[in-house]
Amino acid sequence: MKHTTIIIAALLLFVACGQSYEETKRISREQRREAMRLDSAALKIAVLPTLDCLPLFVAEQEHLLDTLNGGVRLKMYQAQMDCDTALERKRVEGMVTDLVRAVRINNSGTKIRYVAVTNAYWQLIGNRLSRVKQIKQLNDKIVGMTRYSLTDMLCDRVADSVKIPREHLFKVQLNDIKVRMLMLQNNEIDALWLTEPQATMARLYKNPVIYDSREDNLQPGILAFREKEMRRPERAKQLVLLVDAYNKACDLINEHGLQHYRDLIMERCQITANVADSLPAGLKFLHAQGPREEDIKVVETWLETLKEKK
């Protein structure tokens, strides 16, 4: 009798555990479905640990995005190419990128809606040990860049400016921002293109600025979205609210200055306090507006030269 009681108790316990396990699986499936539903409803934007994304970071921190139906999710990547891939594969609806990449994606069939021009600029930083301090010294030097991006185009423009044959400036594709910085710190490259705050970090290590994209009066930073997705009524409403939040965030940054958001910049851009404290003063962030026609024309012309070479 005693053994029978033990067996019955064990069976009851087994059944109870089985029910609990099945219940857990059911709840887990429901949670996954709900998470997928929420992720689908959210407006997802691919961002980078760079200063041109600051208005989005501030808008999130200050809860300016809370009014968007479905919310906004900022998805951090370490390379522009990863942002492009996420957009083209419909993992995100929008991305922060540069005009060259955006135009090329648009021309490749994924139609793009340009929502805002960011304040991004790129500096060509020389390795202090390679002693490259001027553009004319780039002949037969290795330069880190990203293919089919603004930095690729700028390599050609700086080479042309001092009549260095383009093939004598050796462009090496370095997509990951962290990898670029490590190669500079380890003296594995002669020069490379950086935007803020990584450019400030490089300058703090006494690496010289060879060229600044602002010298060409370009406005190449872009916040862009997939046009087809933005035509959906619910997405169109989200975009209107996003632009409003973006503009308010720009006003807050311009009013309070970068140092007011020092901790946020350190966290999102993955930099140390001394780099955050050394960022250029007086950087302004513009309200959302599309790129200038002259900038698009410059990009289109350069992309055409690439086709002619094939």
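View 1. The model is predicted, so local features need pLDDT of at least 70 and side-chain atom pairs count only at pLDDT 80 or more, whereas totals for chains, interfaces and linings use all residues. Residues are numbered from 1 along each chain as its sequence is written, and side-chain values use heavy atoms, with hydrogens and water left out. The open sheet runs in the order β7-β6-β8-β5-β9 with mixed pairing, where strands are DSSP runs (E, at least two residues), helices are DSSP runs (H or I, at least four), both numbered from the N terminus, and two strands pair if DSSP finds at least two bridges between them. β7 (169-173) and β9 (209-212) are the edge strands, each pairing on one side only. Strand β5 (residues 123-126) pairs with β8 in the antiparallel sense over four bridges. Helix α6 packs on this sheet, touching β5, β6 and β8, and its direction makes about 145° with that of β8; contact means heavy atoms within 4.5 Å, and angles run from 0 to 180 degrees between N-to-C directions of axes fitted to C-alpha atoms, for helices over the stretch in contact.

**View 2. The aromatic pair of W193 and Y211.** One aromatic pair is counted, the rule being that rings of Phe, Tyr and Trp (its six-membered ring) pair if their centres lie within 6.5 Å, with planes under 30 degrees apart counted as stacked, over 60 as edge-to-face and the rest as tilted. The ring centres of W193 and Y211 are 5.9 Å apart and their planes stand at 85°, so the pair is edge-to-face. Because W193 lies in strand β8 and Y211 in strand β9, the pair ties together parts that are 18 residues apart in sequence.

**View 3. A second open sheet, in the order β2-β1-β3-β10-β4.** The pairing in this sheet of five strands is mixed. β2 (72-76) and β4 (112-117) stand at the edges with a single partner strand each, so one side of each is left without a neighbour in the sheet. Five bridges join β4 to strand β10 (residues 221-226), the two running antiparallel, and V117 stands opposite I222 in β10. Helix α3 (residues 80-88) lies across β1, β3, β4 and β10, running at about 145° to β3.
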